[in-house]
Amino acid sequence: MNDSYIYVITALLPLSALMLLLQTNPYHALVIQGIQGAVATLVFAVLGAADVALTQALMGTLLAITLYAIAVRSSLVMRLGVIEDGASETDDESLAAGQAVSVATSQKCGHFQQLMNDLRTIFHKHYMRVEVVPYTNTQALHRALMEKEVHAACARRDYDNQDFVASEDEQQPYHTTTRVRRLYDIMRTELSSPATSLTYVNAPDSGEEHK
């Protein structure tokens, strides 16, 4: 009976392992991994294996959790390439045209901001964050997507070329292309924004688009 506490502590190992397997939030899993490592260290110390307990604490818990945290932080990011907005284009046709350009630019900014908000909301539910990476032109954006610098590319249809757009739709001022099938499935299923159309591109092959 005096050793009953050992059995209780030892029982926490499979329990914490089961909780770790069932956890969907990677940050919660990181915490549970730390708890499991601490329990294992305690078990080894109670059983008299001080050297194993020290190894578990340093390597199996501290180092493993540090590396896991770095991996989670770097992998749960969706890098979205976009075209940098240049200065407002104006001409000398008339002063009234300037107001029209201002209204059109305002509408485009509103569409883009709404699209970014929708994407951040969607990927937040999957414990991911959206990192916007600007590029100067369509060629640089397309090259970044093909060379896997970004996971997806979003461009206004004004900038689109045949590599990025499959069909024209005036109600969708933006077109988003991704090389990651999982991201495409998430956006196709959950993205309700009318501001963009979606295309999946197989980057490792020839870059041909698949709808």
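## Confidence of the model

This is a predicted model. The chain has a mean pLDDT of 77, and 76% of its residues reach 70 or more. Confidence is highest in strand β2 (residues 129-135), with a mean of 91, and lowest in strand β6 (residues 209-210), with a mean of 43.

Two stretches fall below 50. Over residues 86-106 the pLDDT stays under 50, and the model has two contacts for this stretch beyond four places in sequence. Over residues 206-211 the pLDDT is also below 50, but this stretch has 20 contacts in the model beyond near neighbours in sequence.

## Overall organisation

Six helices and six strands make up the secondary structure of the chain. Their order along the sequence is α-α-α-β-α-β-α-β-β-α-β-β. The chain has 211 residues, of which 36% count as buried.

Among contacts between residues at least 6 apart in sequence, 56% join residues at least 24 apart. The accessible surface of the chain is about 12,800 Å², and carbon and sulfur atoms account for 58% of that area.

## Strand β1 and its partners

Strand β1 covers residues 77-83, and six of its seven residues are buried. It pairs with two other strands. β1 and β2 run parallel and are joined by seven bridges. In this pairing, Ile83 stands opposite Tyr135 of β2.

The other partner of β1 is strand β3 (residues 152-156), which also runs parallel to β1 and is joined to it by three bridges. Here Leu80 is the residue that stands opposite Ala152 of β3. In general, side chains in a regular strand alternate between the two faces of the sheet.

Leu54 belongs to helix α3, which spans residues 50-75. With a relative accessible area of 51%, Leu54 is exposed. Leu54 is one of the residues of a nonpolar surface patch of about 690 Å², together with Leu58, Met59, Leu62, Leu63, Leu67 and Ile70.

Ser74 is also found in helix α3. Its relative accessibility is 52%, so Ser74 counts as exposed. The C-alpha atoms of Ser74 and Met128 are 10.0 Å apart in space, while the two residues are separated by 54 residues in sequence.

Lys148 is placed in the loop between α5 (138-146) and β3. Lys148 has a relative accessible area of 47% and is therefore partly exposed.

## Salt bridges

How many salt bridges does the structure hold? There are four. Side chains of opposite charge can pair when their charged atoms come close. One of the bridges is formed by Glu190 and Lys125, with the closest N and O atoms 3.4 Å apart. Glu190 lies in helix α6 (residues 181-190) and Lys125 in helix α4, so this pair ties together parts of the chain that are 65 residues apart in sequence. Glu190 is partly exposed, at 29% relative accessible area, whereas Lys125 is exposed, at 53%.

The side chains of Asp185 and Arg188 meet at 3.4 Å, N to O. Because Asp185 and Arg188 are three residues apart in helix α6, about one helical turn separates them.

Conventions:
Residues numbered from 1 in each chain as written. Predicted model: local features only at pLDDT ≥ 70, side-chain atom pairs only at ≥ 80, totals over all residues. Heavy atoms only, no water. pLDDT = per-residue confidence, 0-100. Helix = DSSP H or I, 4+ residues; strand = E, 2+ residues; numbered from the N terminus. Contact = heavy atoms within 4.5 Å. Patch = residues over 30% accessible without salt bridge, like charges linked within 9 Å, V, L, I, M, F, W, Y side chains within 5 Å. Areas by Shrake-Rupley, 256 points an atom, 1.4 Å probe, with all protein chains shown as cover. Buried < 20%, exposed > 50% of the residue type's maximum accessible area, 1.4 Å probe, protein only. Pairing = 2+ DSSP bridges.
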